[in-house]
Amino acid sequence: MIWLMAAFCCLLWGSAFPAIKAGYAALSINNADTFSIILFAGVRFFGAGVLTLIIFSFVERRLLIPRKSDLPKIGVLSLFQTVLQYLFFYLGLAFTSGSRASIVNSTSVFFAILIASLLFHQEKLTAQKFIGSAIGFAGVVLVSLDAFRTGGSLLGEGFTLLSSVSYAFSSVFMKKYSTDASPAMLSGCQFILGGAVMVAVGLLGGGNIKDADLKGTAIVVWLMLVSALAYSIWSILIRYNNVSKVAVCGFLTPIFGFVLSLLFDSSSAAGGLLAIPALALAVCGIIIVNQSKFYNKK
(Lines give C-alpha, C1' and ligand atoms only; values in the text may rest on other atoms or scores of the structure.)
Protein backbone atom coordinates (compact mmCIF):
# COMPACT_ATOMS: atom_id res chain seq x y z
CA MET A 1 0.00 0.00 0.00
CA ILE A 2 2.89 2.38 0.75
CA TRP A 3 4.38 1.69 -2.68
CA LEU A 4 1.03 2.12 -4.43
CA MET A 5 0.30 5.41 -2.68
CA ALA A 6 3.82 6.68 -3.40
CA ALA A 7 3.54 5.56 -7.03
CA PHE A 8 0.20 7.40 -7.28
CA CYS A 9 1.91 10.58 -6.08
CA CYS A 10 4.67 10.10 -8.66
CA LEU A 11 2.07 9.52 -11.37
CA LEU A 12 0.42 12.82 -10.47
CA TRP A 13 3.78 14.63 -10.45
CA GLY A 14 4.67 12.99 -13.76
CA SER A 15 1.48 14.36 -15.29
CA ALA A 16 2.67 17.84 -14.37
CA PHE A 17 5.46 17.74 -16.99
CA PRO A 18 3.15 17.77 -20.06
CA ALA A 19 0.56 19.85 -18.19
CA ILE A 20 3.03 22.64 -17.44
CA LYS A 21 4.17 22.72 -21.07
CA ALA A 22 0.54 22.84 -22.19
CA GLY A 23 -0.08 25.61 -19.66
CA TYR A 24 2.75 27.70 -21.11
CA ALA A 25 1.17 27.42 -24.56
CA ALA A 26 -2.40 28.06 -23.37
CA LEU A 27 -1.41 31.10 -21.30
CA SER A 28 1.06 32.49 -23.89
CA ILE A 29 4.04 32.24 -21.52
CA ASN A 30 7.42 32.34 -23.22
CA ASN A 31 9.92 29.79 -21.91
CA ALA A 32 12.49 32.58 -21.52
CA ASP A 33 10.13 34.77 -19.47
CA THR A 34 11.35 33.64 -16.05
CA PHE A 35 9.19 35.96 -13.96
CA SER A 36 5.98 34.99 -15.78
CA ILE A 37 6.89 31.34 -15.17
CA ILE A 38 7.47 32.07 -11.47
CA LEU A 39 4.12 33.92 -11.34
CA PHE A 40 2.44 30.93 -13.00
CA ALA A 41 4.01 28.60 -10.44
CA GLY A 42 3.03 30.90 -7.57
CA VAL A 43 -0.62 30.97 -8.61
CA ARG A 44 -0.53 27.17 -8.89
CA PHE A 45 0.92 26.62 -5.42
CA PHE A 46 -1.20 29.24 -3.69
CA GLY A 47 -4.31 27.57 -5.11
CA ALA A 48 -2.92 24.16 -4.22
CA GLY A 49 -2.58 25.25 -0.61
CA VAL A 50 -6.19 26.42 -0.45
CA LEU A 51 -7.40 23.17 -2.04
CA THR A 52 -5.27 21.10 0.35
CA LEU A 53 -6.82 22.73 3.42
CA ILE A 54 -10.35 22.36 2.02
CA ILE A 55 -10.00 18.73 0.88
CA PHE A 56 -8.25 17.43 3.98
CA SER A 57 -10.48 19.37 6.35
CA PHE A 58 -13.28 17.16 5.01
CA VAL A 59 -11.07 14.04 5.12
CA GLU A 60 -10.00 14.63 8.72
CA ARG A 61 -13.45 15.97 9.67
CA ARG A 62 -12.03 19.06 11.31
CA LEU A 63 -10.96 22.52 10.24
CA LEU A 64 -7.22 22.51 9.56
CA ILE A 65 -6.01 25.69 11.24
CA PRO A 66 -2.37 26.08 12.26
CA ARG A 67 -1.49 26.71 15.88
CA LYS A 68 0.87 29.50 16.85
CA SER A 69 3.58 26.91 17.47
CA ASP A 70 3.14 25.62 13.89
CA LEU A 71 3.97 28.95 12.23
CA PRO A 72 7.79 28.60 12.38
CA LYS A 73 7.48 25.06 10.97
CA ILE A 74 5.32 26.32 8.12
CA GLY A 75 7.87 29.05 7.39
CA VAL A 76 10.77 26.59 7.20
CA LEU A 77 8.82 24.12 5.04
CA SER A 78 7.65 26.88 2.73
CA LEU A 79 11.20 28.16 2.32
CA PHE A 80 12.65 24.78 1.36
CA GLN A 81 9.73 22.93 -0.25
CA THR A 82 8.20 25.69 -2.35
CA VAL A 83 10.19 28.93 -2.56
CA LEU A 84 13.80 27.74 -2.88
CA GLN A 85 13.01 24.46 -4.62
CA TYR A 86 10.95 25.98 -7.40
CA LEU A 87 12.88 29.22 -7.77
CA PHE A 88 16.05 27.18 -8.35
CA PHE A 89 14.20 24.67 -10.52
CA TYR A 90 12.65 27.24 -12.86
CA LEU A 91 15.86 29.26 -13.04
CA GLY A 92 17.72 26.05 -13.86
CA LEU A 93 15.29 25.24 -16.66
CA ALA A 94 16.13 28.58 -18.25
CA PHE A 95 19.71 27.35 -18.82
CA THR A 96 19.27 23.63 -19.52
CA SER A 97 16.91 21.15 -21.14
CA GLY A 98 14.02 19.50 -19.35
CA SER A 99 15.52 16.04 -19.82
CA ARG A 100 18.84 17.04 -18.24
CA ALA A 101 16.98 18.78 -15.43
CA SER A 102 14.96 15.61 -14.74
CA ILE A 103 18.17 13.62 -14.28
CA VAL A 104 19.75 16.14 -11.92
CA ASN A 105 16.48 16.65 -10.05
CA SER A 106 16.29 12.91 -9.33
CA THR A 107 19.36 13.24 -7.11
CA SER A 108 16.95 14.57 -4.47
CA VAL A 109 16.40 10.91 -3.52
CA PHE A 110 20.09 10.51 -2.66
CA PHE A 111 20.17 13.82 -0.82
CA ALA A 112 17.04 12.96 1.20
CA ILE A 113 18.52 9.64 2.32
CA LEU A 114 21.90 11.18 3.17
CA ILE A 115 20.42 14.15 5.03
CA ALA A 116 17.99 11.99 7.00
CA SER A 117 20.76 9.55 7.91
CA LEU A 118 23.87 11.67 8.41
CA LEU A 119 22.58 15.10 9.51
CA PHE A 120 19.31 14.40 11.32
CA HIS A 121 20.01 10.77 12.35
CA GLN A 122 16.41 9.79 11.63
CA GLU A 123 17.54 6.41 10.27
CA LYS A 124 20.67 4.42 9.47
CA LEU A 125 22.48 4.65 6.15
CA THR A 126 23.06 1.14 4.79
CA ALA A 127 24.75 -0.25 1.70
CA GLN A 128 21.41 -1.66 0.57
CA LYS A 129 19.79 1.78 0.61
CA PHE A 130 22.64 3.22 -1.42
CA ILE A 131 22.64 0.35 -3.93
CA GLY A 132 18.85 0.48 -4.32
CA SER A 133 18.96 4.23 -4.90
CA ALA A 134 21.76 3.83 -7.46
CA ILE A 135 19.75 1.23 -9.39
CA GLY A 136 16.67 3.46 -9.37
CA PHE A 137 18.74 6.41 -10.55
CA ALA A 138 20.08 4.25 -13.40
CA GLY A 139 16.48 3.95 -14.60
CA VAL A 140 16.13 7.73 -14.71
CA VAL A 141 19.39 8.05 -16.64
CA LEU A 142 18.27 5.36 -19.10
CA VAL A 143 14.98 7.05 -19.88
CA SER A 144 16.81 10.36 -20.39
CA LEU A 145 19.69 9.18 -22.60
CA ASP A 146 19.00 11.90 -25.15
CA ALA A 147 19.97 14.47 -22.53
CA PHE A 148 23.62 13.42 -22.78
CA ARG A 149 23.68 14.31 -26.49
CA THR A 150 22.99 17.96 -25.75
CA GLY A 151 25.18 20.47 -24.01
CA GLY A 152 24.53 21.60 -20.49
CA SER A 153 25.60 24.57 -18.44
CA LEU A 154 27.00 25.20 -14.99
CA LEU A 155 24.10 27.50 -14.13
CA GLY A 156 21.46 25.11 -15.45
CA GLU A 157 22.65 21.97 -13.71
CA GLY A 158 23.86 23.99 -10.70
CA PHE A 159 20.49 25.60 -10.00
CA THR A 160 18.69 22.29 -10.55
CA LEU A 161 21.04 20.58 -8.10
CA LEU A 162 20.30 23.26 -5.49
CA SER A 163 16.59 22.62 -6.12
CA SER A 164 17.13 18.93 -5.36
CA VAL A 165 18.99 19.72 -2.13
CA SER A 166 16.22 22.08 -1.05
CA TYR A 167 13.53 19.46 -1.66
CA ALA A 168 15.55 16.84 0.23
CA PHE A 169 15.74 19.12 3.27
CA SER A 170 11.98 19.75 3.06
CA SER A 171 11.29 15.98 3.19
CA VAL A 172 13.40 15.62 6.33
CA PHE A 173 11.85 18.67 7.98
CA MET A 174 8.36 17.32 7.16
CA LYS A 175 9.29 14.04 8.86
CA LYS A 176 10.39 15.99 11.93
CA TYR A 177 7.55 18.51 12.12
CA SER A 178 4.64 16.17 11.34
CA THR A 179 5.12 14.18 14.55
CA ASP A 180 2.83 16.62 16.39
CA ALA A 181 1.06 18.40 13.52
CA SER A 182 -1.13 17.37 10.60
CA PRO A 183 1.00 16.80 7.45
CA ALA A 184 -1.88 18.02 5.29
CA MET A 185 -2.18 21.23 7.33
CA LEU A 186 1.56 21.82 7.10
CA SER A 187 1.54 21.16 3.33
CA GLY A 188 -1.45 23.40 2.68
CA CYS A 189 -0.18 26.33 4.73
CA GLN A 190 3.36 26.16 3.36
CA PHE A 191 1.94 26.11 -0.18
CA ILE A 192 -0.11 29.23 0.52
CA LEU A 193 2.85 31.08 2.02
CA GLY A 194 5.32 29.92 -0.64
CA GLY A 195 2.86 30.58 -3.45
CA ALA A 196 2.24 34.12 -2.17
CA VAL A 197 6.00 34.78 -2.11
CA MET A 198 6.41 33.49 -5.67
CA VAL A 199 3.46 35.54 -6.91
CA ALA A 200 5.05 38.64 -5.36
CA VAL A 201 8.44 37.85 -6.95
CA GLY A 202 6.79 37.25 -10.32
CA LEU A 203 4.81 40.48 -10.25
CA LEU A 204 7.73 42.57 -9.01
CA GLY A 205 9.84 41.13 -11.83
CA GLY A 206 7.29 42.17 -14.43
CA GLY A 207 5.71 38.77 -14.97
CA ASN A 208 2.17 38.49 -16.27
CA ILE A 209 -0.31 35.82 -17.34
CA LYS A 210 -2.33 36.48 -20.47
CA ASP A 211 -5.09 34.64 -22.33
CA ALA A 212 -6.46 32.84 -19.27
CA ASP A 213 -9.25 31.10 -21.21
CA LEU A 214 -11.16 27.97 -20.20
CA LYS A 215 -8.36 25.63 -21.33
CA GLY A 216 -5.65 27.57 -19.50
CA THR A 217 -7.77 27.79 -16.36
CA ALA A 218 -8.48 24.04 -16.46
CA ILE A 219 -4.76 23.28 -16.71
CA VAL A 220 -3.95 25.52 -13.74
CA VAL A 221 -6.70 23.90 -11.65
CA TRP A 222 -5.37 20.43 -12.55
CA LEU A 223 -1.85 21.45 -11.49
CA MET A 224 -3.28 22.77 -8.22
CA LEU A 225 -4.96 19.39 -7.60
CA VAL A 226 -1.73 17.57 -8.48
CA SER A 227 0.21 19.48 -5.85
CA ALA A 228 -2.56 19.38 -3.25
CA LEU A 229 -3.08 15.62 -3.42
CA ALA A 230 0.46 14.43 -4.19
CA TYR A 231 2.35 16.49 -1.61
CA SER A 232 -0.21 15.87 1.13
CA ILE A 233 -0.27 12.09 0.60
CA TRP A 234 3.54 12.07 0.29
CA SER A 235 3.84 14.01 3.55
CA ILE A 236 1.57 11.52 5.32
CA LEU A 237 3.75 8.65 4.04
CA ILE A 238 6.89 10.46 5.23
CA ARG A 239 5.35 10.93 8.68
CA TYR A 240 4.81 7.22 9.30
CA ASN A 241 7.78 5.71 7.43
CA ASN A 242 11.53 6.13 7.05
CA VAL A 243 12.41 8.89 4.61
CA SER A 244 14.43 6.50 2.42
CA LYS A 245 11.52 4.02 2.28
CA VAL A 246 9.34 6.66 0.60
CA ALA A 247 11.89 8.92 -1.11
CA VAL A 248 13.27 6.15 -3.35
CA CYS A 249 9.86 5.94 -5.05
CA GLY A 250 10.60 9.40 -6.42
CA PHE A 251 12.58 7.77 -9.23
CA LEU A 252 9.20 6.89 -10.77
CA THR A 253 8.28 10.56 -11.32
CA PRO A 254 10.52 11.33 -14.34
CA ILE A 255 9.67 7.93 -15.84
CA PHE A 256 5.93 8.57 -15.54
CA GLY A 257 6.53 12.07 -16.90
CA PHE A 258 8.39 10.61 -19.88
CA VAL A 259 5.63 8.08 -20.64
CA LEU A 260 2.82 10.61 -20.25
CA SER A 261 4.67 13.11 -22.43
CA LEU A 262 4.68 10.53 -25.24
CA LEU A 263 0.89 10.76 -25.32
CA PHE A 264 1.17 14.45 -26.18
CA ASP A 265 4.24 14.31 -28.42
CA SER A 266 4.18 11.49 -30.97
CA SER A 267 7.51 12.65 -32.43
CA SER A 268 9.31 11.28 -29.36
CA ALA A 269 7.58 7.89 -29.50
CA ALA A 270 10.71 6.26 -30.89
CA GLY A 271 12.28 6.40 -27.45
CA GLY A 272 9.22 5.00 -25.73
CA LEU A 273 10.66 1.49 -25.36
CA LEU A 274 13.32 2.88 -23.02
CA ALA A 275 10.57 3.42 -20.45
CA ILE A 276 10.14 -0.34 -19.99
CA PRO A 277 13.65 -1.21 -18.72
CA ALA A 278 13.82 2.17 -16.93
CA LEU A 279 10.63 1.38 -15.02
CA ALA A 280 12.01 -2.08 -14.19
CA LEU A 281 15.20 -0.55 -12.75
CA ALA A 282 13.21 1.97 -10.69
CA VAL A 283 10.99 -0.79 -9.28
CA CYS A 284 14.04 -2.93 -8.46
CA GLY A 285 15.60 -0.01 -6.60
CA ILE A 286 12.38 0.54 -4.64
CA ILE A 287 12.20 -3.14 -3.69
CA ILE A 288 15.82 -3.23 -2.53
CA VAL A 289 15.50 -0.11 -0.36
CA ASN A 290 12.20 -1.30 1.10
CA GLN A 291 13.37 -4.74 2.20
CA SER A 292 12.11 -5.00 5.78
CA LYS A 293 15.26 -6.67 7.09
CA PHE A 294 17.18 -3.43 6.47
CA TYR A 295 15.08 -1.53 9.01
CA ASN A 296 15.12 -1.70 12.77
CA LYS A 297 11.75 -2.76 14.02
CA LYS A 298 10.60 -1.41 17.36
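**Figure 1. Ser28 in the loop between helices H1 and H2 of the predicted model.** Helix H1 covers residues 2-26 and helix H2 covers 34-59, with Ser28 in the loop that joins them. Ser28 is not a glycine, yet its phi is positive, near 55 degrees. Ser28 counts as partly exposed because its relative accessibility is 38%, which lies between the limits of 20% and 50%.

**Figure 2. Arg61 in the loop between H2 and H3.** Helix H3 spans 71-93. Arg61 is another residue other than glycine with a positive phi, here near 60 degrees. The relative accessible area of Arg61 is 78%, so this residue is exposed.

**Figure 3. The ring pair of Phe45 and Tyr86.** The whole structure holds 12 aromatic pairs. In this one, the ring centres are 4.4 Å apart and the planes meet at 45 degrees, so the pair is tilted. Phe45 is buried at 0% relative accessibility, and Tyr86 is buried at 9%. Both rings are part of a cluster linked by ring pairs, together with Trp13, Phe191, Tyr231 and Trp234.

**Figure 4. The ring pair of Phe120 and Phe173.** The planes stand at 85 degrees with centres 5.4 Å apart, so the pair is edge-to-face. Phe120 sits in the loop between H5 and H6, whereas Phe173, 53 residues away in the chain, is in helix H7. Phe120 is partly exposed at 25%, but Phe173 is buried at 12%.

**Figure 5. Helix H5 and the residue His121.** Buried residues of H5 (108-119) include Phe110, Ile113 and Ile115. Just after the helix, His121 has a positive phi of about 55 degrees.

Technical notes. Residues are numbered from 1 along each chain as its sequence is written. This is a predicted model: local features need pLDDT of at least 70, side-chain atom pairs count only at pLDDT 80 or more; totals for chains, interfaces and linings use all residues. Side-chain values use heavy atoms; hydrogens and water are left out. Buried means under 20% relative accessible area, exposed over 50%, partly exposed in between (1.4 Å probe, protein chains only). Helices (H or I, at least four residues) and strands (E, at least two) are DSSP runs, numbered from the N terminus. Rings of Phe, Tyr and Trp (its six-membered ring) pair if their centres lie within 6.5 Å; planes under 30 degrees apart count as stacked, over 60 as edge-to-face and the rest as tilted.
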